[in-house]
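Please look over the sequence and the model shown here before reading the briefing that follows.

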Amino acid sequence: MKYCSACGATVSLKIPENDERLRHVCDACGTIHYQNPKIIAGALPVFNDQVLLCRRAIEPRHGLWTLPAGFMENGETTEQAAAREAHEEANARLQNLHLYTVISIPHVSQVYMLYRCELASTDFSPGVESLETRLFHEHEIPWQELAFASVRKTLECFFNDRKQGSFPVHNLALRAKLPVE
């Protein structure tokens, strides 16, 4: 950040009074510009014993498989964001959304909030951000072609929990081996 969004003057990186972190502070008006993590909301859509995945038509990780998810917009809840992303990426309608994984990825300042849910119907198709959409049984999951570590971890939790017959909320932190959004 070079300029203050409040007054247009230059900013400097310094620790403000009563703070512990370096922040961008306006040299003229003193506005402190806080930078916060991005929230990615998404869904783990299930139909019978299959899960819906989307093959990405966009970067990052073009051509690899993911759950429908993306950056939350202002003015929406995480549930609304998850449903919107499923519609945008897979033309899918969801029902019975339950928070399932909360995944912090501190080194890229992101937090994933993924909802386990049911597909309202099998009438889905690729949206503009997807090359392909498909239902997968557990043994068909393209594990080596998953786009993000958060998707892999959510799927691993889901298949393990399904065997146990219980779906608790998982609160995790990742040091991703796969790229993240």
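In which loop is the place of Asn48? Asn48 sits in the loop between β4 (38-47) and β5, where helices (H or I, at least four residues) and strands (E, at least two) are DSSP runs numbered from the N terminus. This is a predicted model, in which local features need pLDDT of at least 70 and side-chain atom pairs count only at pLDDT 80 or more, while totals for chains, interfaces and linings use all residues. Residues are numbered from 1 along each chain as its sequence is written, and side-chain values use heavy atoms, with hydrogens and water left out.

**Overall layout**

- The protein chain has two helices and 11 strands, and, read along the sequence, these elements follow the pattern β-β-β-β-β-β-β-α-β-β-β-α-β.
- Taken along the principal axes, the box filled by the C-alpha atoms of the protein chain is roughly 60 × 35 × 30 Å.
- Of the 181 residues in the protein chain, 43% are buried, where buried means under 20% relative accessible area, exposed means over 50%, and partly exposed lies in between (1.4 Å probe, protein chains only).

- The largest pocket has a volume of about 180 Å³; on a 1 Å grid over the protein atoms alone, a pocket is an open set of points where a 1.4 Å probe fits, with protein on both sides within 12 Å along at least five of seven lines.
- For such a volume, grid points are joined across faces, edges and corners, and the volume is the space filled by probe spheres set on the points.
- The residues lining the largest pocket, each with an atom within 4 Å of a point, are Leu13, Arg21, Leu22, Arg23, His24, His33, Gln35, Pro37 and Ser109.
- By class, this lining has three nonpolar, four polar and two charged residues, given that Ala, Val, Leu, Ile, Met, Phe, Trp, Tyr, Cys and Pro count as nonpolar, Asp, Glu, Lys and Arg as charged, and the others, Gly among them, as polar.
- Leu13, Ile15 and Leu22 make a nonpolar surface patch of about 310 Å²; patches are made of residues with over 30% relative accessible area and no salt bridge, with like charges joined within 9 Å and nonpolar side chains (Val, Leu, Ile, Met, Phe, Trp, Tyr) within 5 Å.
- The accessible areas come from the Shrake-Rupley method with a 1.4 Å probe, and for residues only the protein chains shown count as cover.
- Leu22 lies in the loop between β1 (11-14) and β2 (23-26), and Leu22 counts as exposed because its relative accessibility is 55%.

**Salt bridges**

- A search of the whole structure finds nine salt bridges, a salt bridge being a side-chain nitrogen of Lys or Arg within 4 Å of a carboxyl oxygen of Asp or Glu.
- Arg23 and Asp19 meet through their side chains in a salt bridge (2.9 Å, N to O); Arg23 is buried, with a relative accessible area of 15%, whereas Asp19 counts as partly exposed at 23%.
- A salt bridge also joins the side chains of Glu85 and Arg84 (2.9 Å, N to O), and Glu85 counts as buried because its relative accessibility is 5%.
- Arg162 forms a salt bridge with Glu138, the closest N and O atoms being 3.6 Å apart.
- Arg162 lies in helix α2 (residues 149-164) and Glu138 in the loop between β10 (130-136) and α2, so this pair ties together parts that are 24 residues apart in sequence.
- Salt bridges that share partners join Glu76, Arg84, Glu85 and Glu88 into one network.

**Backbone details**

- Asn48 has a positive phi of about 55° although it is not a glycine, and Asn48 is exposed, with a relative accessible area of 64%.
- Ser109 also has a positive phi of about 55° without being a glycine; Ser109 is found in the loop between β8 (94-105) and β9 (110-119) and is partly exposed, with a relative accessible area of 38%.
- The peptide bond from Glu59 to Pro60 is cis, with omega near 0°, and Pro60 lies in the loop between β5 (50-56) and β6 (65-66).
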